[in-house]
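Visitor: I have the sequence and the structure open side by side. Could you walk me through them?

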Amino acid sequence: MTQNPDATPSYSSRETSESFAYLISELSTNLINAAPEEAEVHIEKALAALGCNDRKDRCYVFLFDDSYKQMSNTHEWVNRGITAHKEELQNVPLEAMPWFFASMRADGQVVVPSSQNLPDVAGGFKDELLRESIQSMMAVGMYLEGRLIGFVGCDLVQRACDWNEQDVRQMQLVADMITNTIARHRTEAKLHELQAELRSANERLAQLANEDSLTGLINRRGLDLALATELRRMQRKQEQLSVLMVDIDHFKELNDRQGHLAGDVALQCVATELSRAFKRSGEVVARYGGDEFLILSPSMNAEEAEQRAAALLGSVRCCTKASEITVSIGIISFIPGIDTTPEEAIRRVDKAVYQAKNNGRNCFVRRSYE
Ligand SMILES: Nc1nc2c(ncn2[C@@H]2O[C@H](COP(=O)(O)OP(=O)(O)OP(=O)(O)O)[C@@H](O)[C@H]2O)c(=O)[nH]1
């Protein structure tokens, strides 16, 4: 125990008062069951219980930062008529009171019966007590996994006090209780953080599994899922689904002539144009594979699908002017039946593209679904 050499406290064998012990056990139960947002209130109640017992003037919790450079007053209770200091005691540099910090680290407690009698070596700490008109104080350390993380303490403004063992024991009880609460909430906060990281990693993984890395469009896997969903949805609503397959013309030649990288850029360029042209709510643009793209337009009839395909022929040429790329487009527009499968829809729209290629490319062909 750290004691002022000029004023050795005379500890009595007074037992912890029953009412205090009862109150503390009740608070302890509350703290164990408290949700993080309620814990603050319970910690302050514990400080109040400590303060009201034996008429203390101020009770508080300070926490050190991880590098022991600063400490901050996180919780405070003050008696009626006593000035609160919590606001101003944030990020207090520990180097300003080396004696206090060294004593706390060495002994796990600092007991000051009379601040007037503190030795000169207590320097900055003594000045601080006198500045705040604190006549007497006591603090005990809070340890988390063996590491000093802060302390719980109390001040007496109006009187000096020969603190006894029971006083220290009571304060230690409250300090342990608050430490356990802080420990539990830190663990829970860490757990929530990890859960959130895991959730977003899983979401990203799921997204990546359905995403084409070159263009950022959904890939064939994602398209298969989306097509199955749209077929069911349009069947239920008895509305038309238009499916457009867009295939770049003579793409192999472009690769051969300008290189694979230029080919990649052209694919990205077409992908961007398709995304721009088909961004109505519910529309899906996918890279189906190689130089083929697929578009799903729910609730769109054949006439509108043809208009949009015609516009697309023009805009693709514009967007890839440098490479003079054209595309061939196959279209099917139909109300899905109960037994329409994604494979069948793809097979039919693929035939339409094939026909567009045969018709000389840079055009669209719509095939009826019957
Ligand atoms: N640069 C690049 N090329 C790709 C990629 N995926 C597939 N290809 C190439 O795309 C070309 C597709 O060519 P084909 O299917 O023969 O068709 P095409 O040359 O476009 O001819 P038509 O469709 O008949 O007009 C192949 O040469 C593939 O190697 C890719 O990610 N990047």
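Guide: Gladly! One term to begin with: a residue is buried if 20 or more other C-beta atoms lie within 10 Å of its own. Please also keep in mind that this is a predicted model.

Visitor: Which residues of helix 5 are buried?
Guide: Helix 5 covers residues 165-209 and has 45 residues. What its buried residues pack against is helix 1 (18-33), helix 2 (36-52), strand 1 (58-64), strand 5 (136-144) and strand 6 (147-156). The buried residues themselves are Asp 167, Gln 170, Met 171, Leu 173, Val 174, Ala 175, Met 177, Ile 178, Thr 181 and Ile 182.

Visitor: How far apart are the end C-alpha atoms of residues 184-211?
Guide: UniProt, in an unreviewed entry, lists residues 184-211 as "coiled-coil region". In the model this stretch is 93% helix and 0% strand. Its end C-alpha atoms are apart by 40 Å.

Visitor: What span should helix 9 have at 1.5 Å a residue, and what is the distance between its end C-alpha atoms?
Guide: Helix 9 runs over residues 302-319, so its 18 residues should span 26 Å. The model agrees with that, as the end C-alpha atoms are apart by 25 Å.

Visitor: Which element gives the most to the largest nonpolar core?
Guide: That core has 44 residues, and Leu 244 is one of those with the most contacts inside it. Leu 244 touches Ile 295, Ala 305, Ala 309, Ile 329 and Ile 331, leaving aside residues up to four places away in sequence. With six residues, the element that gives the most to this core is strand 7.

Visitor: Which residues come nearest to the ligand?
Guide: The shell divides into four nonpolar, five polar and eight charged residues. Strand 7, helix 7 (251-258) and helix 8 each supply at least two of the shell residues. Of the 17 residues around the ligand, the nearest are Asp 249, Phe 251, Lys 252, Gly 263 and Gly 290.

Note on methods:
Residues numbered from 1 in each chain as written. Predicted model: local features only at pLDDT ≥ 70, side-chain atom pairs only at ≥ 80, totals over all residues. Helix = DSSP H or I, 4+ residues; strand = E, 2+ residues; numbered from the N terminus. Expected span 1.5 Å × (residues − 1). Near = placed C-beta within 6 Å. Nonpolar A, V, L, I, M, F, W, Y, C, P; charged D, E, K, R; others polar. Core = buried A, V, L, I, M, F, W, Y, C linked by C-beta atoms within 7 Å. Buried ≥ 20, exposed ≤ 12 C-beta atoms within 10 Å, placed from the backbone. Contact = placed C-beta atoms within 7 Å. UniProt positions renumbered as here; feature names shortened; annotations may be inferred.
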